[in-house]
Amino acid sequence: MTGKTGLIVGVANKRSIAWAIAQAASNAGARLALTYQGDRLEENVRDLASNLTDPLILPCDVSDDAQIVRVFEEIDRTFGGLDFVVHGAAFAPREELSNPFVQTTRDGFRMALDVSAYSLIALTRAALPLMERRGGGSVVTLTYLGSDRVFPNYNVMGVAKAALESTVRYLAADLGPKNVRVNAISAGPIKTLAAAGISGFSGILQLYRDRAPLRRTVETSEVADAALFLLSDAGRAVTAEVLMVDAGYHAMGM
Ligand SMILES: NC(=O)c1ccc[n+]([C@@H]2O[C@H](COP(=O)([O-])OP(=O)(O)OC[C@H]3O[C@@H](n4cnc5c(N)ncnc54)[C@H](O)[C@@H]3O)[C@@H](O)[C@H]2O)c1
């Protein structure tokens, strides 16, 4: 990844999947821009990034188009182009992840789909001119099997992940002629800040320990290694893919 520059969206703390990907990309030689959502997370992200080589740290709420514009203006000024984007932002109001699904509110639905799915379109569109300047690029987002199967309390986030995975395919088809690849990693459950919002999450973790072919859950570093493959030239023929990094759980019928 030496000579490559990337944007990482979705670092909240050291447990964030996006942070593991940032470390892997940085260790492989990439120079990074990291964003934080709101003042609350700025210090966390700045502290973590102090170990990286010459990082660019910027605020970005992905539901705010003006902030997205500013991020890419700054990246353009500092990096002069962009090789990859990691999209690791997702959100649904807490009550939507514990109430019965039938009670999903219009507002909760709108928010979950906006932050967790539409934002991939907005970020990719803004990255496009910078990637074209580099002769192409790679975009990776993070999804979960709850897009396709029902997990207790995953609720509207499952619907948002279904939209996200479909968005990956449409973006990949749209941008493939410009040599921009778009993929998702479907990670097994990991105890992160986002996961803590899903009631009964520890039951999902135990299910993977009991039933996944590898009889275990996955670690953020393992998701990061798979992301590095998709972000780097090693994955140059892979696009429109949802890569399962879940200890094989997705294959099981029982
Ligand atoms: N943890 C898991 O079990 C798991 C499994 C599969 C997929 N994922 C996905 O991985 C991604 C990263 O989540 P994580 O588990 O590392 O948790 P996390 O809480 O560390 O990361 C979620 C990030 O989303 C950001 N975010 C939320 N709303 C935002 C907004 N409006 N603007 C900008 N950023 C916003 C948060 O600041 C945070 O950094 C998410 O898309 C999540 O759905 C997680």
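Tutor: The account below begins with the aromatic rings, then turns to the ligand and ends with selected backbone positions. The model is a predicted one, and this should be kept in mind throughout.

With ring centres required to lie within 6.5 Å of each other, the count of aromatic pairs comes to four. One of them is formed by Tyr 144 and Phe 151, whose ring centres are 5.1 Å apart; the planes meet at 50°, so the pair is classed as tilted. Stacking would require planes under 30 degrees apart, and an edge-to-face arrangement would require over 60. Both partners are shielded: Tyr 144 is buried, with a relative accessible area of 8%, and Phe 151 is likewise buried, at 7%.

Phe 151 also takes part in a pair with Tyr 249. Here the centres are separated by 6.4 Å and the planes again stand at 50°, so this pair is tilted as well. The separation of 6.4 Å falls inside the limit of 6.5 Å. Taken together, ring pairs connect Tyr 144, Phe 151, Tyr 154, Tyr 208 and Tyr 249 into a cluster.

The ligand is surrounded by 28 residues, and the closest are Ser 16, Gln 37, Lys 161, Ile 190 and Thr 192.

Ile 190 has a backbone N or O atom 2.8 Å from an oxygen atom of the ligand. A nitrogen atom of the ligand is 2.9 Å from a backbone N or O atom of Val 62. At Ala 90, a polar backbone atom is 3.4 Å from a ligand oxygen atom. Of the 810 Å² of accessible area that the ligand has on its own, the protein covers 94%. The space that the ligand takes up is the largest pocket.

Met 157, in helix H5, is buried at a relative accessible area of 6%. Between Ala 162 and Asp 148 the C-alpha distance is 6.7 Å, at a sequence separation of 14 residues.

Elsewhere in the chain, Ala 30 occupies the loop between helix H1 (17-27) and strand E2 (31-36) and counts as buried at 7% relative accessibility. Ala 30 and Thr 5 are 25 residues apart in sequence, while their C-alpha atoms are 5.5 Å apart.

Two backbone torsions complete the picture. Most residues other than glycine have a negative phi. Asn 179, although not a glycine, has a positive phi of about 60°. Asn 179 lies in the loop that separates H5 from strand E6 (180-187) and is partly exposed, at 43% relative accessible area. Asp 54 is not a glycine either, and its phi is positive, at about 50°. Asp 54 is placed in the loop between helix H2 (42-49) and strand E3 (56-59), where it is partly exposed, with a relative accessible area of 49%.

Definitions and conventions:
Residues are numbered from 1 along each chain as its sequence is written. This is a predicted model: local features need pLDDT of at least 70, side-chain atom pairs count only at pLDDT 80 or more; totals for chains, interfaces and linings use all residues. Side-chain values use heavy atoms; hydrogens and water are left out. Rings of Phe, Tyr and Trp (its six-membered ring) pair if their centres lie within 6.5 Å; planes under 30 degrees apart count as stacked, over 60 as edge-to-face and the rest as tilted. Buried means under 20% relative accessible area, exposed over 50%, partly exposed in between (1.4 Å probe, protein chains only). A residue is near a molecule or strand if one of its heavy atoms lies within 4 Å of it. A polar contact is a pair of N or O atoms within 3.5 Å; within protein, one must be able to donate a hydrogen and the other to accept it, and residues adjacent in sequence count only if both atoms are side-chain atoms. Accessible areas come from the Shrake-Rupley method with a 1.4 Å probe; for residues, only the protein chains shown count as cover. On a 1 Å grid over the protein atoms alone, a cavity is a set of points where a 1.4 Å probe fits but cannot get out, and a pocket is an open set with protein on both sides within 12 Å along at least five of seven lines; lining residues have an atom within 4 Å of a point. A molecule sits in a cavity or pocket if more than half of its atoms lie within 2 Å of its grid points. Helices (H or I, at least four residues) and strands (E, at least two) are DSSP runs, numbered from the N terminus.
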